[in-house]
Amino acid sequence: MTHRFPQGRETRSAVPWLLAIGALSTALYALIWRCYPLLDLYTKQRFVLKNYTQSNPATGAAMAAVVVALFALYALGWYALRTRQPGGRGALALLLLFPALAVGLLLATQPITSTDLYDYLFSGRMAARYGANTFVVPPNQYSGDSLYLYVVWRNAVTAYGPLWVAMSHLAAWLAGERPGAPDVAQAQLLSLIFAYKLLAVLGYALCGAAIWLALGRIAPQHRRTGLYIWLWNPMALWETVAVGHNDVWLILPIVLAVWLAAPSARAPREQVGLARPWWAMVALTLGALIKYLALLYAPLVLVSSLRRMPTWRRRAHLLVLGGLACLALIVLAYAPYWAGADTFINFANRKSLYNATWLAAVRPLLIAPFGEEGAKDVASGAGMVLLVLGVLWATWLSFRAPEQLARHMIWLTLWFFFVANPWFQPWYALWALALVALVPGLRHTAWAVALMCMTGTLTYMATTFVLPRWGLRETESLWHVLLSALVYGPPLLVLAWGWAAPRWSRASAQPRAARQGAA
């Protein structure tokens with residue numbers, strides 16, 4: 001992950017590679033836009049990939065080829081930045097130009113792989129037009145609304161925190177939603193789609209800025225490569241700009257927390273004051289008020305900060321002042337939506353969601369001995385126990401090596417993906433992607449995460465064009481086993497190779513050294 005220039009290539013620039021790769025990638029994004037233009041398709045009600053493609057195998061093969069080609073180009077650009085001179089301002093301009101072109105094309109592309117954008121915009125419309133509290137009021141209470149036909153999760157309250165609900169309300173308001181406003185259905189729908197896509201683009205750009213900022217402190221020589229890892233990643237572009245997923249607004253405070261809490265590259269063992277860890281805890285709290293999973297990293301950041309503080313007095317100040325500030329933020333954020341215990345019903349709803357994990361594969365096998373509800377309880381309980389164990393271990397690692405905070409956060413993220421998560425969606429891989437962009441030196445881990453971005457994207461093709469043709473259903477264990485093998489198998493092989501190769505190298509070096517010594 002650090003810049004390693006092979007002998008004889010120190011003067012060769014990565015700029016020609018970036019130009020060629022950027023031009024080819026832009027052509028592929030233009031092809032995607034041409035095939036699925038938003039302005040022609042945005043009124044399709046509750047359409048998913050099989051509806052747009054009629055599950056045609058040739059279309060599926062072409063889509064898979066485009067995905068593989070985009071990620072192959074992405075890997076070539078990454079390799080060029082690692083092995084050649086990254087160039088001056090011209091290279092930095094290219095690093096920003098080609099993602100900007102992709103953003104323009106994908107803004108005008110229909111989100112064919114997910115309907116979440118329509119659920120977001122209807123939730124915001126409920127809040128802005130009707131004053132609904134989406135923590136306790138599901139969309140089915142507004143079944144007469146002209147945009148209700150586009151909603152998929154009709155019986156579910158919001159799955160997110162109050163800060164996202166407020167941001168969603170604002171996006172809908174900026175799109176023209178008001179109490180008593182004229183309801184011109186198609187015009188309003190298009191305005192809402194662009195409002196939420198632009199909100200996602202803003203989060204994507206801010207994540208890039210935060211990664212650049214954090215690397216300026218953690219690893220200045222790695223800034224351009226780290227920026228490339230995030231901005232040029234095909235999944236980051238597709239899931240954020242084309243599909244409009246809100247995960248970038250979870251990723252942003254996590255990156256900011258690393259920037260605030262991680263030690264400087266110039267003084268990795270320097271003792272810290274109160275201000276930066278305090279703001280790091282505030283950042284994670286804001287992240288948790290968007291998506292609750294940001295709280296997973298709080299113990300790691302807290303322990304790493306406490307460990308590096310010089311006195312117990314400062315530690316006590318951080319615990320008290322930081323705790324009070326975070327609690328105040330939570331209370332203020334929930335206050336406008338408070339409805340008693342029912343405000344947290346979205347927590348309970350998550351235990352029924354299973355997809356593309358080993359827990360999802362095991363759950364159908366538990367139905368016979370435990371019943372439907374018992375199987376959910378056992379599987380979700382097992383996932384929770386494993387997650388707690390992972391958090392405890394990562395916290396212990398942060399105590400032992402507090403200067404390696406970002407590495408421990410990556411480990412916990414991968415533990416969550418591979419071991420403890422019952423519900424995986426492809427765009428979740430972006431959480432790990434942003435973190436590996438911050439840590440030079442984790443070469444195999446970074447390639448494994450990038451590979452998981454590709455295999456996760458390929459699950460759209462697998463679930464639309466392959467598994468149904470094999471006669472499999474989403475309720476069967478084999479469906480989730482095969483999806484899990486596709487998503488996790490290749491990345492795990494890369495991680496295993498990264499772990500084993502140095503050991504094999506050392507083991508083979510010892511007999512050679514012994515023979516040379518004997519000679």
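**Salt bridges**

I began with a network of salt bridges that links Arg125, Arg129, Asp145, Glu177 and Asp183. My cut-off for a salt bridge was a side-chain nitrogen of Lys or Arg within 4 Å of a carboxyl oxygen of Asp or Glu.

I note that this is a predicted model, where local features need pLDDT of at least 70, side-chain atom pairs count only at pLDDT 80 or more, and totals for chains, interfaces and linings use all residues. Residues are numbered from 1 along each chain as its sequence is written, and side-chain values use heavy atoms, with hydrogens and water left out.

I found eight salt bridges in the structure. I looked up Arg125 and Asp145: their closest N and O atoms are 3.0 Å apart. Arg125 sits in helix α6 (residues 116-130) and Asp145 in the loop between α6 and α7 (162-174), so this pair ties together parts 20 residues apart in sequence. I took helices (H or I, at least four residues) as DSSP runs, numbered from the N terminus. Both Arg125 and Asp145 are buried. For burial I used relative accessible area: buried is under 20%, exposed over 50%, partly exposed in between (1.4 Å probe, protein chains only).

Next I checked Arg129 and Glu177, whose closest N and O atoms are 2.7 Å apart. Arg129 is in helix α6 and Glu177 in the loop between α7 and α8, so the pair ties together parts 48 residues apart in sequence. Arg129 is buried at 9% relative accessibility. Glu177 is buried at 0%.

I also looked at Arg363 and Glu372, which form a salt bridge at 3.1 Å between the closest N and O atoms. Arg363 is buried at 14%, whereas Glu372 is partly exposed at 38%.

**Core**

Which residues touch the most other members of the largest nonpolar core? I listed Tyr74, Trp164, Tyr196, Trp230, Trp232, Phe417 and Leu433, out of 143 residues. Helix α8 (residues 185-218) gives the largest share of this core, 14 residues. I defined a nonpolar core as buried Ala, Val, Leu, Ile, Met, Phe, Trp, Tyr and Cys residues joined through side-chain atoms within 4.5 Å. A second, separate core has seven residues, including Val165, Leu289, Tyr292 and Ala333.

I then listed contacts of Trp230 (heavy atoms within 4.5 Å). Setting aside residues up to four places away in sequence, Trp230 touches, among others, Tyr204, Cys207, Ile211, Val248 and Leu433.

**Cysteines**

How many disulfides does a search of the whole structure find? I got zero, with the cut-off at a pair of cysteine sulfur atoms within 2.5 Å. The sulfur of Cys207 is 13 Å from the closest cysteine sulfur, in Cys453, too far for a bond. Cys207 is buried at 0% relative accessibility. Cys35 is partly exposed at 45%.

Beyond neighbours within four places in sequence, Leu49 is in contact with Met63, Ile112, Tyr460, Met461, Thr464 and Phe465.

Most residues other than glycine have a negative phi. Arg46 has a positive phi near 60°; I found Arg46 in the loop between α2 (38-41) and α3 (49-53). Gln54 has a positive phi of about 55° and lies in the loop between α3 and α4 (57-83). Arg46 is partly exposed at 38%, and Gln54 is exposed at 60%.

Notes:
Helices (H or I, at least four residues) and strands (E, at least two) are DSSP runs, numbered from the N terminus.
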